[in-house]
Amino acid sequence: MPLHWVLATSALLFGLGLYGALALHNAVRILMSIELMLNSVNLNLVAFSRYLHPDQPKGLIMAIFIMTVAAAEAAVGLAIFLIIARNRTDVDVDKIHLLKG
Amino acid sequence: MSAIQVIYLLVTAATLLCGYGVVASSRLMHSALWLGATFVGMAAIFVLLDADFLAAAQILIYVGAITTMILFGIMLSDIRDLRPEPGAPVWTRLLRLVLSPRRGLLPLLAAVGFTAALWVVTARTPWPAEPAAAPDNVTASIGDVMFSQYVLPFEIASVLLLVALVGAIVLAMREEVRSR
């Protein structure tokens, strides 16, 4: 398939994730939207690596590192949401202002 | 249109529908399950792009670890999505969504605008229509480059995972345990 198609897929997925991260209230949903955006970035990297530099797998390696960072981010983020949810009932980002002076 | 293009379009449509389910589903648990389905679809797209190793890593890390972790977190913490007035008719909710700038219109404009900009830019650039012949062993070359040129980032990634593990445990420990 043409590279346009893959890039269009990635753009649509990134748009979905961006909307979710901006518009949703629940912190866990925002985390999931960020995962969507990271996935679309991975798709871009894989596609560029495959179409433009098929002999060098650098894009694939970068995607693997992004997966690693996403896993670490999800673990720490969920732990933070867990303690916030333990102290209050929901994790609405509009109501969380623990760091506000 | 060749068979692989048809397969690609079908897989992409399924993946994007699942992604829509993540954002639009009214229950948090359903959202997390849609997220897992989206990750599986992305793995299928990776397979179509001849990135077998990455598809396997995607299944292992995203579907196996991250989705499970999110589901576990939701179940453990009793986090709920508190939706305002679920009984209101759809058009009222839609109208309210569009009229509220912070939660409806601005994010929608930002997301649609960004997607449109990406789309226009990528559509105007001349890209190669079809990929070159697939290299015979992508996984082996990933290993070669990873453990020669990218050894330091690889080690840093392992340290990062360790730090995240310890940090998550410390954060999620109960207060009583910490104060004892």
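This is a predicted model: local features need pLDDT of at least 70, side-chain atom pairs count only at pLDDT 80 or more; totals for chains, interfaces and linings use all residues.
**Chain A**

Chain A contains three helices and zero strands, and from the N terminus on its elements follow the order α-α-α. Its radius of gyration is 17 Å, well over the 13 Å that the globule rule gives for 101 residues, so chain A is more spread out than a compact globule. The C-alpha trace spans about 50 × 25 × 20 Å along its principal axes.

Of the 101 residues in chain A, 63% are buried. When contacts between residues at least 6 apart in sequence are considered, 58% of them join residues at least 24 apart. Chain A exposes about 3700 Å², and carbon and sulfur atoms supply 69% of that area. Its charged side chains comprise 7 positive and 6 negative ones. The centres of these two sets lie 2 Å apart.

**Annotated spans of chain B**

An unreviewed UniProt entry places the feature "transmembrane region" at residues 6-25, 32-49, 55-76, 104-121 and 150-173 of chain B.

| Span of chain B | Helix content | Strand content | Distance between end C-alpha atoms |
|---|---|---|---|
| Residues 6-25 | 95% helix | 0% strand | 28 Å |
| Residues 150-173 | 92% helix | 0% strand | 35 Å |

Phe46(B) sits in helix H2 of chain B. Is Phe46(B) buried or exposed? Its relative accessibility is 0%, so Phe46(B) counts as buried. Ala123(B) is 77 residues from Phe46(B) in sequence, and their C-alpha atoms are 21 Å apart in space.

Asp50(B) is in the loop between helix H2 (28-48) and helix H3 (52-77) of chain B. Its relative accessibility is 31%, so Asp50(B) counts as partly exposed; the limits for that class are 20% and 50%. The phi of Asp50(B) is positive, at about 60 degrees, although Asp50(B) is not a glycine. Most residues other than glycine have a negative phi.

Definitions and conventions:
Residues are numbered from 1 along each chain as its sequence is written. Chains are lettered from A and ligands numbered from 1 in the order in which they are written. Side-chain values use heavy atoms; hydrogens and water are left out. Helices (H or I, at least four residues) and strands (E, at least two) are DSSP runs, numbered from the N terminus. The radius of gyration is taken over C-alpha atoms; the globule rule is 2.2 Å times the number of residues to the power 0.38. Buried means under 20% relative accessible area, exposed over 50%, partly exposed in between (1.4 Å probe, protein chains only). Contact means heavy atoms within 4.5 Å. Accessible areas come from the Shrake-Rupley method with a 1.4 Å probe; for residues, only the protein chains shown count as cover. Lys and Arg count as positive and Asp and Glu as negative; His and the chain ends are not counted. The place of a charge is taken as NZ of Lys, CZ of Arg, CG of Asp or CD of Glu. UniProt positions are given in the numbering used here, feature names are shortened, and annotations may be inferred rather than shown by experiment.
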